[in-house]
Amino acid sequence: MISGSEREALEDLLNHMAQGVRAYLLPRGRQWSILLNAATGSGIEQTVAELDALLKRAAREAGGDFLCAFSKPWRDFKNIHLAYLAANEALREQHEKAAGCQEQCGPTLQPAQVPRLSSEQEELLMRYIAAGNEEEAASVLQMILRHNWEEQELPVSMCRCLAYDLLCGILRCLGTMPEVWEQQREALRADLHLLRHAGTRDEIAQMLMATVLRSSAACEGFHTAAGAAREQPMERIMQCVNEHYRDLDFNVSRAAEYLGMSVPYLSNLFKQQTGIGLLNYISGLRVKYAKQCILERHISVAQAAHEAGFENINTFIRIFKKYEGTTPGSINS
């Protein structure tokens with residue numbers, strides 16, 4: 001283990017290795033991660049190479065077993081966690097290779113559990129947020145915090161990186177709904193400000209929960225409004241069909257003309273909302289009305305067909321049999 005004074009000395013050494021580079025040590029049990037933050041990308045590769053040589057030399061002088069790994073340089077703050085994961089994956093590979101010669105080389109350093117916001121976790125959370133399901137979104141966030149924070153006792157610096165990953169995911173999720181994005185934009189900016197100034201894990205967790213619940217509620221409102229907007233055209237369509245289905249010249253094209261819609265749009269919308277085609281629906285209404293006329297008014301098949309909107313008696317008989325399983329002339333016999 002590294003003492004407090006040794007940690008400060010190592011940080012000072014790292015900070016003097018390259019101009020404009022700031023170093024931070026992140027403890028994880030017996031495993032340490034070194035975060036190098038630079039204003040620009042220049043000098044990072046050289047610093048990493050010098051650091052690699054320094055650590056190897058220190059390991060030789062100590063006469064012990066020491067494994068280290070590096071990720072490629074990242075130029076964006078949101079990718080700090082990705083860099084951390086990449087370095088740990090490289091360390092894990094080294095450990096697995098070293099484990100094969102453990103008897104000859106002596107005990108190896110067991111890598112600590114890596115904090116991992118998996119793509120599955122993030123995808124699940126974003127799916128519930130986008131669907132407007134506040135309860136499930138909150139449950140998934142609690143699971144993420146428990147797996148990545150509580151069980152691994154991450155330092156605040158790494159919790160902040162994980163929280164930034166989640167906020168970026170929420171930004172991408174809401175970006176697919178422009179209305180919600182415009183509504184939530186200022187609130188999300190405030191969340192980023194809170195994240196930068198959060199001093200404890202609890203503060204970060206509370207901010208994330210508030211963001212998830214607020215975003216889910218906004219998405220739910222968006223879906224409710226969109227659903228109402230979709231229902232309004234259907235109300236007009238059903239009213240039009242009920243008023244005109246008995247007209248002899250009424251068909252899908254005439255309905256589209258009455259409603260001011262294109263035939264493809266009308267046909268697709270009706271099929272999506274009802275599961276059947278508009279022409280079949282009109283035919284079903286006509287058959288039902290003709291059957292009612294024959295049974296209640298005892299009129300002829302030809303007259304019933306005409307009053308129901310069928311121009312051709314043969315067409316009426318064929319469609320009637322399709323829907324009723326029998327001919328119209330047999331229902332009174």
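1. Ser 215 is in contact (heavy atoms within 4.5 Å) with Ile 129, Ile 170 and Leu 174, leaving aside its neighbours within four places in sequence. Ser 215 lies in helix 9; helices here are DSSP runs (H or I, at least four residues), numbered from the N terminus. With a relative accessible area of 0%, Ser 215 is buried (under 20% relative accessible area; exposed is over 50%, partly exposed in between, with a 1.4 Å probe and protein chains only). The Ser 215 side chain reaches the backbone oxygen of Thr 211 at 2.8 Å.

2. The model is predicted: local features need pLDDT of at least 70, side-chain atom pairs count only at pLDDT 80 or more, and totals for chains, interfaces and linings use all residues. Residues are numbered from 1 along each chain as its sequence is written, and side-chain values use heavy atoms, with hydrogens and water left out.

3. The largest nonpolar core has 33 residues; such a core is a set of buried Ala, Val, Leu, Ile, Met, Phe, Trp, Tyr and Cys residues joined through side-chain atoms within 4.5 Å. Leu 125, Ile 129, Leu 141, Trp 149, Leu 174, Ile 204 and Leu 208 touch the most other members. Two or more residues each come from helix 5 (119-131), helix 6 (134-150), helix 7 (156-174), helix 8 (178-197) and helix 9 (201-244). A second, separate core of 30 residues includes Ile 237, Phe 270, Ile 299 and Ala 305.

4. Helix 7 and helix 8 pack at about 170°, their axes 10 Å apart. Axes are lines fitted to C-alpha atoms, for helices over the stretch in contact, and angles run from 0 to 180 degrees between N-to-C directions. Helix 7 is therefore roughly antiparallel to helix 8 (over 145 degrees; under 35 is roughly parallel, 65 to 115 roughly perpendicular, the rest oblique). By class, the contact has 12 nonpolar, one polar and three charged residues; Ala, Val, Leu, Ile, Met, Phe, Trp, Tyr, Cys and Pro count as nonpolar, Asp, Glu, Lys and Arg as charged, and the others, Gly among them, as polar.

5. Helix 12 (residues 278-297) and helix 14 (residues 313-324) pack at about 95°, with axes 10 Å apart, so helix 12 is roughly perpendicular to helix 14. Their contact has six nonpolar, three polar and three charged residues.

6. His 298 sits in the loop between helix 12 and helix 13 (301-308). Its phi is near 55°, a positive value in a residue other than glycine. At 59% relative accessibility, His 298 is exposed.

Technical notes:
Polar contact = N/O pair within 3.5 Å; in protein donor to acceptor, adjacent residues only side chain to side chain.
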